[in-house]
Amino acid sequence: MKYYRIEWIHNFKEQPVQYLIEVDLFGFEHKKIENYKAGVINFASNELEKGKFLSQDSFDSEDYKYESSVEKICATEIAQSKFYKEWDNVIKCNNSILDNK
């Protein structure tokens, strides 16, 4: 598995500003977290979903290197431990929601 943080700098209110994803060797997502400016956090895995679905498309970090006058997006590979620190926190904070499913 590989782990990425995608930072998206923009002024679009309805779009996330950060993604954290876990992908397999073929680039397919297994876990994803989306963070929004307003503090909303969505996440998905093969077993769980809250406001987000896993992509059916293969991930390529080169697709996330873009800059214009209104936005910038950049993907950086991160350590497994950093990803799971965030993932475990999201799951812990959403246990009450998940227990009701």
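Me: On a 1 Å grid over the protein atoms alone, a pocket is an open set of points where a 1.4 Å probe fits, with protein on both sides within 12 Å along at least five of seven lines, and a lining residue has an atom within 4 Å of a point. Which residues line the largest pocket?

Reply: The model is predicted, so local features need pLDDT of at least 70 and side-chain atom pairs count only at pLDDT 80 or more, while totals for chains, interfaces and linings use all residues. Residues are numbered from 1 along each chain as its sequence is written, and side-chain values use heavy atoms, with hydrogens and water left out. The lining of the largest pocket consists of Ile-6, Tyr-19, Ile-21, Glu-29, Lys-32, Ser-55, Asp-57, Ser-58, Phe-59, Asp-60, Asp-63 and Tyr-64. Two or more of the lining residues come from each of β2 (18-23) and β3 (29-35), strands being DSSP runs of E with at least two residues, and helices runs of H or I with at least four, both numbered from the N terminus.

Me: Why is Phe-59 called buried?

Reply: Its relative accessibility is 11%, and buried means under 20% relative accessible area with a 1.4 Å probe and protein chains only, whereas exposed means over 50% and partly exposed lies in between. The value for Phe-59 therefore places this residue in the buried class. Tyr-64, which also lines the largest pocket, has 27% and so counts as partly exposed.

Me: What makes the aromatic pair of Phe-59 and Tyr-64 stacked?

Reply: Rings of Phe, Tyr and Trp (its six-membered ring) pair if their centres lie within 6.5 Å, and planes under 30 degrees apart count as stacked, over 60 as edge-to-face and the rest as tilted. By this rule there are 8 aromatic pairs, and in the one between Phe-59 and Tyr-64 the centres are 5.2 Å apart with 20° between the planes, which makes this pair stacked. The rings of Phe-83 and Trp-87 have centres 6.2 Å apart and planes at 15°, so this pair is stacked as well.

Me: Where do Phe-83 and Trp-87 lie, and how do you know that Phe-83 is buried?

Reply: Both residues belong to helix α1 (residues 80-93), where they are 4 residues apart, about one turn of the helix. Phe-83 has 0% relative accessibility and therefore counts as buried, and Trp-87, at 5%, is buried too.

Me: Which residues are in contact with Phe-83, leaving aside its neighbours within four places in sequence?

Reply: With contact taken as heavy atoms within 4.5 Å, Phe-83 meets Tyr-3, Leu-20, Ile-21, Glu-22, Lys-31 and Ile-78.

Me: Why is β2 called mostly covered, and which residues point each way from β2?

Reply: In β2, 6 of its 6 residues are buried. Gln-18, Leu-20 and Glu-22 point one way, and Tyr-19, Ile-21 and Val-23 the other way. In a regular strand the side chains alternate between the two faces of the sheet.

Me: How do you know that β2 and β3 pair?

Reply: Two strands pair if DSSP finds at least two bridges between them, and β2 and β3 have 6 bridges in the antiparallel sense. Tyr-19 has Glu-34 in β3 as its bridge partner. Strand β1 (residues 2-9) is likewise joined to β2 by 6 bridges and runs antiparallel to β2, with Tyr-4 opposite Ile-21.
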